[in-house]
There are 2 protein chains.
Amino acid sequence: MMAYPKFLSPEEIVKTAVHLVEHGDVDGLSLRAVAAKLGVKAPSLYRYFSDKEVLENAVAEAILGLMLIEFRKISAFKNPETRFRKMVEVYLRFARERFPLYTFVVQHNHPERYASGMGKAVWDLIVGTASAVSGRPDDTAAAVATWAFLHGYATLEHSGAFGPSGPKGGLERGLEAFLSSFRSGVPSARQRNAVSEHQE
Amino acid sequence: MMAYPKFLSPEEIVKTAVHLVEHGDVDGLSLRAVAAKLGVKAPSLYRYFSDKEVLENAVAEAILGLMLIEFRKISAFKNPETRFRKMVEVYLRFARERFPLYTFVVQHNHPERYASGMGKAVWDLIVGTASAVSGRPDDTAAAVATWAFLHGYATLEHSGAFGPSGPKGGLERGLEAFLSSFRSGVPSARQRNAVSEHQE
DNA sequence: GTCTATATGCGGATAGAC
DNA sequence: GTCTATCCGCATATAGAC
């Protein structure tokens, strides 16, 4: 029971914080709650994190690591379009099943978040998957469009904005539009002559 | 100076609250702040709104009314694709220039929000505009896809997620994909024979 | 390294005086 | 109809004892 000199660690604190983001109160991670979960008082955490924001960044990074684990599974699918569809599945499943984690990351979106670390790894994976479909290396435009669509869909779905009647095929409609456009080149620049059907 | 029996009204309170959402502190409208802005103390507001949530719903409705005013301007454009592009412009401009208002509405997205009132009016306008492009009456799927894309793009852009390099043409890429897909019918069901170009 | 105690600030909501 | 006064809860963060 000699619980007094209880050694914490940054890793343990972050892990607990992630758990609380997912299962605790919806809005607002609190140091009190993290400390309580660890069987400790709030001020003790300041030995490991200078303030709340530093902890939040570590939590966001850890969550992106969890997302990356899921995203990496899609590399098993070699066909670009199949892989693209799997990426969509993984993205939406993560957002649906672990929405508090998902929304925490987006709410703590710094401009630098996707320039290094886990954020960059996730972003590179999205760019790579979209680029494989379009056949254009480093197709950032396709990745941005896809990301925006998935993010918007996930958040609107969660908020209940689609109402009781549901999204009515809006997800499939958008995906087919993107796939059709990506695989047929860049329509905005110069309509290619081969606008024939590109069915699988 | 006989300011004591100062008559408030629900309209005045909502108007003040909307102003504070737009120009006040980013997160969290507070009754205290609304009251202060009105030169009144917080408890006075309870004569007009039973609790904070009721006021919030009224505020969301008022903001949707502001959005509707902007959206209605696109009816001046008779060509379906032109009108669609104008709708995109209006949507993103509102989200960009009045982001606090925009995000307040989505954060208070009830499933019923778009079933009546201002929410329904806005939604009907989006559906109508998308349907005019696709030529299919009540094309909810196209509207949902468009909405998801625009909402995702607006929020990611605001959060700075696109980074210093910007969206890199992601907006245009997505829009062209949608327009191309919408005007050519439903690729998933049955390619229509008339896949000719529908340029202005 | 963790503790208690405390400073300071925010917020929603109610009772009862005027 | 608005007020004062207050209760209650939440939070971050610090000082200094142990």
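How much area is buried between chain A and chain B, and what share of that area do carbon and sulfur atoms give? About 3,200 Å² is buried between the two chains, and carbon and sulfur atoms give 69% of that area. Buried area here is the accessible area (1.4 Å probe) that two parts lose on being put together, summed over both. Val144(A), Leu156(A) and Arg173(A) supply 20% of what chain A buries against chain B, more than any other three residues.

This is a predicted model: local features need pLDDT of at least 70, side-chain atom pairs count only at pLDDT 80 or more, and totals for chains, interfaces and linings use all residues. Residues are numbered from 1 along each chain as its sequence is written, chains are lettered from A and ligands numbered from 1 in the order in which they are written, and side-chain values use heavy atoms, with hydrogens and water left out.

**The interface**

In contact (heavy atoms within 4.5 Å) are 44 residues of chain A and 41 residues of chain B. The count of salt bridges between the chains is 2. A salt bridge is a side-chain nitrogen of Lys or Arg within 4 Å of a carboxyl oxygen of Asp or Glu. Asp139(A) and Arg173(B) form a salt bridge through their side chains, at 2.8 Å from N to O.

On chain A, helices H7 (140-159) and H8 (170-183) are the elements that give two or more residues to the side touching chain B. H7(A) gives the largest share, 14 residues. Helices (H or I, at least four residues) are DSSP runs, numbered from the N terminus. By class, the chain A side has 21 nonpolar, 18 polar and 5 charged residues. Ala, Val, Leu, Ile, Met, Phe, Trp, Tyr, Cys and Pro count as nonpolar, Asp, Glu, Lys and Arg as charged, and the others, Gly among them, as polar.

Axes are lines fitted to C-alpha atoms, for helices over the stretch in contact, and angles run from 0 to 180 degrees between N-to-C directions.

| Helix pair | Angle | Axis distance |
|---|---|---|
| H4(B) (80-97) and H5(B) (99-107) | about 105° | 5 Å |
| H7(B) (140-159) and H8(B) (170-183) | roughly 180° | within 11 Å |

H4(B) is therefore roughly perpendicular to H5(B), a term for angles of 65 to 115 degrees. Their contact includes Tyr91(B) and Phe94(B) of H4(B) and Phe99(B) of H5(B). It has 6 nonpolar, no polar and 2 charged residues.

H7(B) is roughly antiparallel to H8(B), a term for angles over 145 degrees. Among the residues that meet are Phe149(B) and Tyr153(B) in H7(B) and Phe178(B) and Phe182(B) in H8(B). This contact has 8 nonpolar, 3 polar and no charged residues.

Definitions and conventions. Angles under 35 degrees count as roughly parallel, over 145 as roughly antiparallel, 65 to 115 as roughly perpendicular and the rest as oblique.
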